[in-house]
Amino acid sequence: MASSKKVTGSNKGVGFAIVRALCKQFDGDVILTSRDEGRGQEALKALTGEGLKPKFHQLDIDDPASIDRLRDFLKGQYGGLDILVNNAGIAFKADSMATFAEQAVVTVGTNFGSTLNASEKLFPLLRPHARVSNVSSFVSNMAIKKCSEPLQTRFKDPKLTIEGLKQLMAEFVSLAKEGKHEAAGWPNSAYGVSKIGVTVMSMVHQRCLDAEKREDIVVNACDPGYVDTDMSSHKGSKTIDQGAETPVMAALVPPNTTSPRGMFLSENQVTVWG
């Protein structure tokens, strides 16, 4: 069956640029996804106008049924998946009227919980030599450094499991609801903590795949940098194509590469995290 590659949250911004780059560099079908079908089709039309040939499938990572439909489509149409880029995510604006508790619930729920759910439903489709590029953020590096020493130790524990990570993220949300997260050693950034979750999830998933002896499947977390997008209120210094460079590098790690595997990448190279 044909090769396939999927990018979540790719109707605009960095995700859109990742699809553009992969259409040029990946020998197979590149599937652009979007919550809103109309916006997804507009993005598809824009890329087609550039002479590229992406495919489209609706996906809302917050909707388990939507993930199931995409999984079933990929399995039926392609029989597997060669590259998965988890880019979908949200961030509240600095002037948001939402309480911190609400921001914690929603941001961690989508950026960590829904990304994890999508990954675990799609991982069985990963073929030998598949690559997973999880779009994290430099903010995760800032946030982990603001965590207390005991929290940092728990996040960096090489024996940490996905269940243990889920418990850590749930602890943050619970404390945020009570307004006690800072006293308990957490940073005051729901987005930052959510991206800690994405980064550590990447490391834990790599260990799990290695333990299962899945053939040369590589998972990395990557930082696109400060990009001029809606999410940054267009304050970022990078273009979306520049922001796509590191996620695309992670998606195209050559076969049987020993590094990077389960690492944090920034500016096209492995970066010390935390």
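Let us begin with a pair of neighbours: Arg71 and Asp72 form a salt bridge, and their closest N and O atoms are 3.1 Å apart. The model you are looking at is a predicted one. In it, Arg71 is partly exposed, with a relative accessible area of 26%, and Asp72 is also counted as partly exposed, at 44% relative accessibility.

From here, turn to a salt bridge between the side chains of Asp210 and Arg261, with a distance of 2.6 Å from N to O. Asp210 sits in helix α8, while Arg261 belongs to the loop between α9 (240-251) and β7 (264-266), so this pair ties together parts that lie 51 residues apart in sequence. How accessible are the two partners? Asp210 counts as partly exposed at 35% relative accessibility, and Arg261 is partly exposed as well, with a relative accessible area of 23%.

Now return for a moment to the pair we started with. Arg71 and Asp72 belong to a network, in which salt bridges that share partners join them with Asp68 and Lys121.

Counted over the model, there are 13 salt bridges. Another of them is formed by Glu50 and Arg20, where the closest N and O atoms are 2.9 Å apart. This pair links distant parts of the chain: Arg20 is in helix α1 (residues 13-25), and Glu50 is in the loop between α2 (37-49) and β3 (55-58), with 30 residues separating them. Arg20 has a relative accessibility of 15% and is counted as buried, because the cut-off for buried is under 20%.

In soluble globular proteins, nonpolar side chains tend to be buried together. Here, the largest nonpolar core is made of 29 residues, and Phe155, Leu165, Trp186, Ile196 and Val200 are those with the most contacts inside it. Which helices supply at least two residues each to this core? They are α4 (100-122), α5 (138-146), α6 (149-156), α7 (162-178) and α8 (190-211). Among the contributors, α7 gives the most, with 8 residues.

Setting aside neighbours within four places in sequence, Trp186 is in contact with Leu151, Phe155, Leu168, Phe172, Leu175, His181 and Val193. Finally, there is a second, separate core of 27 residues, which includes Ala17, Ile18, Phe26 and Cys222.

Definitions and conventions: Residues numbered from 1 in each chain as written. Predicted model: local features only at pLDDT ≥ 70, side-chain atom pairs only at ≥ 80, totals over all residues. Heavy atoms only, no water. Core = buried A, V, L, I, M, F, W, Y, C linked by side-chain atoms within 4.5 Å. Buried < 20%, exposed > 50% of the residue type's maximum accessible area, 1.4 Å probe, protein only. Helix = DSSP H or I, 4+ residues; strand = E, 2+ residues; numbered from the N terminus. Contact = heavy atoms within 4.5 Å. Salt bridge = Lys/Arg side-chain N within 4 Å of Asp/Glu carboxyl O.
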